[in-house]
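Work through these exercises with the model open beside you. Try each task before you read its solution.

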Amino acid sequence: MPTPTFEVVNKNHENQSVKAICFSHGKLKDQEKSNLSIRCYKQANTSVSKASDVEKCIVKAEINSMTYIGKNYGDTDRFSTKTCDYHIAIFNKKSNKVKVIPAHLIQLEPWLEDKSSKDEVDTATHSYKQKKDALTREFGSGRSQRAVNKRLKNTMDEEMIAATTKSIVTVSTETTGTTEPVESVKTEISTIPPYDIDAKTPDEVYKIQTIIPPELVPSLTKESENFFNCKQSDVNTWRTEKKYYTTVLNHLDRLSLREDVRTSQCQCLLYLQYLMETFMMKAHQLRTKTPLPKEWPGPVKDQILKVFTLEIKEPNKKPKRCVPSRMKDLLLSYIIVLSLRLSQFTLPLGSLTTDLQLAQKRLSIHATTLGCTLKRSKGQKGGDALIAVLNVPLKFPEIKGKSEKKRIF
């Protein structure tokens with residue numbers, strides 16, 4: 001077969017250029033091509049400011065009751081001609097010639113129309129400013145488009161924050177059972193475990209059944225036997241090997257001699273160790289199929305993942321697990337409350353600050369949101385030690401001024 005002859009069409013001949021489309025998620029099957037309907041909409045002003053500028057157009061394709069939209073300009077343009085040129089070659093078998101024509105590639109993406117969206121309101125009801133913003137987003141300069149998008153994004157963020165805050169306050173009111181008006185409930189309550197505002201003693205404020213569900217107790221009993229039967233030499237060995245956190249080891253030195261109380265203390269210490277290990281896990285560790293250690297009891301792992309992590313499922317993708325900020329704060333609240341109970345509600349924050357690698361200021365602020373008061377005392381090394389004390393009647397700090405706007409969750 002003789003070598004084909006190439007005929008290159010001049011790029012400046014706009015009438016000789018073609019527009020080629022591709023779908024973002026795959027290719028069309030041969031049997032689907034007959035059902036494909038394509039329309040191309042061009043800008044009314046056909047003149048361009050520069051020779052390198054491309055005539056703006058929007059391509060709409062419909063197939064199998066699905067609509068796809070593509071543009072050759074703006075953020076959705078995946079094949080910009082500013083850095084490279086695209087051509088399509090057409091081979092004529094009879095004449096043995098290859099015609100190379102300039103092409104503009106346009107990627108089509110699925111367009112899902114939300115009938116309930118506010119954007120579907122008739123344009124006659126739109127204000128002058130809304131119409132102007134719509135025109136700027138479509139045909140304005142890059143700088144103008146960024147300015148409009150930033151302003152609209154700020155507006156949407158404010159609406160989202162207001163809606164989210166309202167939902168959090170509603171959930172918090174239902175969880176705590178308070179009868180106060182919604183406006184008086186602070187959003188920090190969403191990161192606080194269930195509590196009794198009318199408790200007569202500190203032990204009744206955060207009940208142990210709400211921190212460690214009764215169904216977890218049997219699985220913790222067997223695993224906590226090492227703590228129950230430990231000796232001082234064992235504690236020293238664990239401290240050297242750093243097998244357990246300092247906060248946990250410090251409590252092992254002063255376990256009760258009563259068997260029932262000692263058993264309960266060991267269960268709490270083991271659960272505290274699990275919570276602290278979860279708190280210190282990195283994001284990439286949570287993405288694994290089984291993020292928590294295999295040796296942990298099954299019910300405990302299920303409870304921790306359910307309460308303190310969030311599983312995100314996307315179509316055609318593996319589920320991902322993460323710990324959002326609000327759940328991270330809730331996990332920290334459980335750790336502090338459990339430590340308070342083990343310390344007879346007078347908790348030195350020094351060991352927790354070291355174990356959790358947190359700034360003392362953050363830990364102290366979090367303790368006050370749980371209803372604690374802070375006291376300072378002389379530490380063993382001469383410095384001041386910060387102590388969190390839980391008293392009754394329970395009082396939460398009031399948020400005033402800028403701090404109310406800054407801390408929403």
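A residue counts as buried when its relative accessible area is under 20%, and as exposed when that area is over 50%. By this cut-off, 33% of the 409 residues of the protein chain are buried. The model is a predicted one. The chain has 14 helices and 12 strands.

**Exercise 1. Classify the ring pair Tyr195 and Tyr206.**

Solution. 
- Start with the rule: ring centres must lie within 6.5 Å, and planes over 60 degrees apart count as edge-to-face.
- By this rule the model has six aromatic pairs.
- The centres of Tyr195 and Tyr206 are 6.5 Å apart and the planes stand at 65°, so this pair is edge-to-face.
- Now place the residues. Both Tyr195 and Tyr206 lie in the loop between helix H2 (142–176) and helix H3 (208–211), so the pair ties together parts that are 11 residues apart in sequence.
- Check burial. Tyr195 has 13% relative accessibility, so it is buried. Tyr206 has a relative accessible area of 2%, so it is buried too.

**Exercise 2. Describe how strands E6 and E7 are joined.**

Solution. 
- Strand E6 (residues 86–92) pairs with strand E7 (residues 97–110) in the antiparallel sense, over seven bridges.
- Four residues lie between E6 and E7, and the two strands form a hairpin.
- Look at the turn. Asn96 has a positive phi of about 60°, although it is not a glycine.
- Asn96 has a relative accessible area of 13%, so it is buried.

**Exercise 3. Work out the packing of H11 against H13.**

Solution. 
- The axes of H11 and helix H13 (residues 360–369) come within 10 Å and cross at roughly 80°.
- Angles of 65 to 115 degrees count as roughly perpendicular. H11 and H13 are therefore roughly perpendicular to each other.
- List the contact residues. H11 supplies Asp329, Leu332, Ser333 and Ile336, while H13 supplies Arg362, Leu363, His366 and Ala367.

**Exercise 4. Where do Gln357 and Pro393 lie, and what marks their backbone?**

Solution. 
- Gln357 has a positive phi, near 55°. It is in the loop between helix H12 (350–356) and H13. Its relative accessibility is 61%, so Gln357 counts as exposed.
- The peptide bond from Val392 to Pro393 is cis, with omega near 0°. Pro393 lies in the loop between strand E12 (384–390) and helix H14 (402–406).

**Exercise 5. Is Gln265 buried or exposed, and what does it touch?**

Solution. 
- Locate Gln265 in helix H8 (residues 259–279).
- Its relative accessible area is 18%, so Gln265 is buried.
- Leave out residues up to four places away in sequence. Gln265 then touches Leu255, Ser256 and Leu342.

Definitions and conventions
Residues numbered from 1 in each chain as written. Predicted model: local features only at pLDDT ≥ 70, side-chain atom pairs only at ≥ 80, totals over all residues. Heavy atoms only, no water. Phe/Tyr/Trp six-rings, centres within 6.5 Å; stacked < 30°, edge-to-face > 60°. Buried < 20%, exposed > 50% of the residue type's maximum accessible area, 1.4 Å probe, protein only. Pairing = 2+ DSSP bridges. Axes fitted to C-alpha atoms, helices over the stretch in contact; angles between N-to-C directions. Parallel < 35°, antiparallel > 145°, perpendicular 65-115°, else oblique. Contact = heavy atoms within 4.5 Å.
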